[in-house]
Amino acid sequence: MYQLTVLGAGSILPRERHGPAGYALRDLSREGWLLLDCGPGSLRALAAAGLRLASLEAVVLSHYHPDHCLDLWALAFASRNPGLRAARRAPLRLVGPRGLAELLERGARLFGERGWTRFEDAEVVEVDPAAMGARVEAAGFELRHWPTWHTPQAVCWRATDASGATFAYSGDSGPEGELVACATGVDLFACECSFPDDAAVEHHLTPTQAGEVARAAGVKELMLTHFYPELDPGFAAQVAERAYPGPVRCAFDGLQLVRPRA
Ligand SMILES: [Zn+2]
Ligand SMILES: [Zn+2]
């Protein structure tokens, strides 16, 4: 059984209750948890969500657009805090598609020689973005990834906890991505739904496309997320429901869900 906390259900553009992408995932049989993407504002949202930074075991990234990773540097700076360093029991794992180590090195130099944004003890795990269903472990979850082709590096993630409960996260993806393989049969599918059907943008999904992926994958529940300001979430859910027969909900900042349902 796991708990999902939505830290950011929107894009980089300001919108009430819809900040940039960030999700916290915790296997409820243990204390440690992981961050799935960490767009700007993700760290700030942790306090209200009741998540302790000292128990953060891993950050798992979908791709390197700023709305999905900018708080890496806030996290690096926070990780230098002596109290937090003393409370942390294990090194942080940073997991992402190829290019992560280089990104971290560039980020470490952002604030000069003192290295305020350098991760001092983190373990960096780069994955091959083209691999289909390759596995990596983090925070008690088995994680598998598939390419979405939103960018050459972008991947979607499937997480399975110790009890076998499953969660899938699209990251950013166009309809050409391998989302169906990633989300097949999952208990909860967080799927990006950036723009309306009549204003589709390449390498992103519309509500109809998100519903079609959810139906093809046979997910148990669809949660739409990553709303740009021009897309009304309630309307998006109505549109997705025409393509997907199961339950559809809309993400918003602070939403917490436990799955599978009791
Ligand atoms: Zn993106
Ligand atoms: Zn995005």
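The exercises below work through selected features of a predicted model.

Local features require a pLDDT of at least 70 and side-chain atom pairs a pLDDT of 80 or more, while totals for chains, interfaces and linings use all residues. Residues are numbered from 1 along each chain as its sequence is written, ligands are numbered from 1 in the order in which they are written, and side-chain values use heavy atoms, without hydrogens and water.

**Exercise 1. The zinc site**

Task: Determine which residues coordinate the zinc ion (ligand 1), and describe the geometry of the site.

Solution. 
Step 1. Donors are N, O and S atoms within 2.8 Å of the metal (3.2 Å for Na, K and Ca); water is not among the atoms, so sites may look incomplete.
Step 2. His 63 (NE2), His 65 (ND1), His 150 (NE2) and Asp 172 (OD) coordinate the zinc ion (ligand 1) at 2.1 to 2.4 Å. Along the sequence, these donor residues follow the spacing H-x1-H-x84-H-x21-D.
Step 3. The angles among the 4 donor atoms run from 92 to 167 degrees, and the site is irregular.
Step 4. Asp 172 also coordinates the zinc ion (ligand 2), which is 3.5 Å from the zinc ion (ligand 1). His 65 lies in the loop between strand S4 (56-60) and helix H2 (66-69), and Asp 172 in the loop between strand S10 (166-169) and helix H6 (179-183), so the pair ties together parts 107 residues apart in sequence. Helices (H or I, at least four residues) and strands (E, at least two) are DSSP runs, numbered from the N terminus.
Step 5. Buried means under 20% relative accessible area, exposed over 50%, and partly exposed in between (1.4 Å probe, protein chains only). Asp 172 is buried at 2%, whereas His 65 is partly exposed at 31%.

**Exercise 2. A glutamate and its partners**

Task: Is Glu 221 buried or exposed, and which arginine side chains does its own side chain meet in polar contacts?

Solution. 
Step 1. Glu 221 sits in the loop between helix H7 (207-217) and strand S12 (222-225), and its relative accessibility of 3% makes it buried.
Step 2. A polar contact is a pair of N or O atoms within 3.5 Å; within protein, one must be able to donate a hydrogen and the other to accept it, and residues adjacent in sequence count only if both atoms are side-chain atoms. The side chain of Glu 221 makes such a contact of 2.8 Å with Arg 249 and one of 2.8 Å with Arg 259.
Step 3. Beyond neighbours within four places in sequence, the residues in contact (heavy atoms within 4.5 Å) with Glu 221 include Val 186, Phe 189, Tyr 244 and Arg 261.

**Exercise 3. Salt bridges**

Task: State how many salt bridges the whole structure holds, and locate the one between Arg 93 and Glu 123.

Solution. 
Step 1. A salt bridge is a side-chain nitrogen of Lys or Arg within 4 Å of a carboxyl oxygen of Asp or Glu. The search finds 14.
Step 2. In the bridge between Arg 93 and Glu 123, the closest N and O atoms are 2.9 Å apart. The bridge links distant parts of the chain, with Arg 93 in strand S5 (residues 93-97) and Glu 123 in strand S6 (residues 123-127), 30 residues apart.
Step 3. Glu 123 is partly exposed at 38%.
Step 4. Glu 31, Arg 52 and Arg 89 form a network of salt bridges.

Definitions and conventions. Tetrahedral: all angles 85-135°; square planar, octahedral: opposite > 155°, others 65-115°.
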